[in-house]
Amino acid sequence: AMRLADVLLAFPGILTALLVVAVLGPGTRNATLAITIALAPGFARVVRVQALVVRDSAYVRAAINLGLRPRRILRRHIVPNVLAPLLILATLNVGTAIIAGASLSFLGLGPRPPAPEWGSMLAQARNYLDVSWTLALFPGAAITLTVMSATAAGRALQARYERREP
């Protein structure tokens, strides 16, 4: 599984998403699946690394020496300590997913009109930039502000988690 994740990480995420949508066809479901496939290897790597770090910690070794069952060690020690970095990564990747979705929609590979999609709004406004530049301003500003807000929330979550670490 990690070798497949390494292969997928070798390509930019948007290129992977474009490939998936090109194979499956345009649409909301296929764009969502493409973005998920493009972002999944990063999550897999974080989960694996964090699980290996927690597995080698002193309290997990102590639980093993006390004779706790592996399922209980996994549920009580490993999973809770993997969830926090995973939540931070998920929050930080919201902005990436929004930009990827808007990019696919801009190229005509996302949801079909008349679905209100920021990328398709930008694509349509591109034809009228000389007449009314505000048609492109508002969807672009909405994408920018949403991505910045999601990134700020992720960074705040990351700072809070890092303060909690011993």
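**A note on charges and helices in this predicted model**

1. Let me start with Arg3, which pairs with Asp6 in a salt bridge whose closest N and O atoms are 2.8 Å apart. By salt bridge I mean a side-chain nitrogen of Lys or Arg within 4 Å of a carboxyl oxygen of Asp or Glu. The two residues sit three apart in helix α1 (residues 2-9), so about one helical turn separates Arg3 and Asp6. Helices here are DSSP runs (H or I, at least four residues), as are strands (E, at least two), numbered from the N terminus.

2. A word on the basis: this is a predicted model, in which local features need pLDDT of at least 70 and side-chain atom pairs count only at pLDDT 80 or more, while totals for chains, interfaces and linings use all residues. Residues are numbered from 1 along each chain as its sequence is written, and side-chain values use heavy atoms, with hydrogens and water left out.

3. Asp6 also meets the side chain of Arg45 in a salt bridge (1.9 Å, N to O). Arg45 belongs to helix α3 and Asp6 to helix α1, so this pair ties together parts that are 39 residues apart in sequence. As for exposure, Arg3 is exposed at 59% relative accessible area, whereas Asp6 is partly exposed at 27% and Arg45 is partly exposed at 35%. The classes are buried under 20%, exposed over 50% and partly exposed in between (1.4 Å probe, protein chains only).

4. In total the structure holds three salt bridges. Asp56 and Arg55 form one of them, at 3.7 Å from N to O; Asp56 is partly exposed with a relative accessible area of 47%, and Arg55 is partly exposed at 45%. Shared partners join Arg3, Asp6 and Arg45 into one salt-bridge network.

5. Elsewhere, Arg69, Arg71, Arg72, Arg75 and Arg76 gather in a surface patch of positive charge. Such patches take residues with over 30% relative accessible area and no salt bridge, joining like charges within 9 Å and nonpolar side chains (Val, Leu, Ile, Met, Phe, Trp, Tyr) within 5 Å. Arg71 lies in helix α5 (residues 70-106) and is exposed, with a relative accessible area of 69%.

6. Finally, an unreviewed UniProt entry lists residues 7-25, 31-47, 78-111 and 131-154 as "transmembrane region"; such annotations may be inferred rather than shown by experiment. Residues 78-111 are 85% helix and 0% strand, with end C-alpha atoms 39 Å apart. Residues 131-154 are 88% helix and 0% strand, with end C-alpha atoms 38 Å apart.

Methods:
Accessible areas come from the Shrake-Rupley method with a 1.4 Å probe; for residues, only the protein chains shown count as cover. Lys and Arg count as positive and Asp and Glu as negative; His and the chain ends are not counted. The place of a charge is taken as NZ of Lys, CZ of Arg, CG of Asp or CD of Glu.
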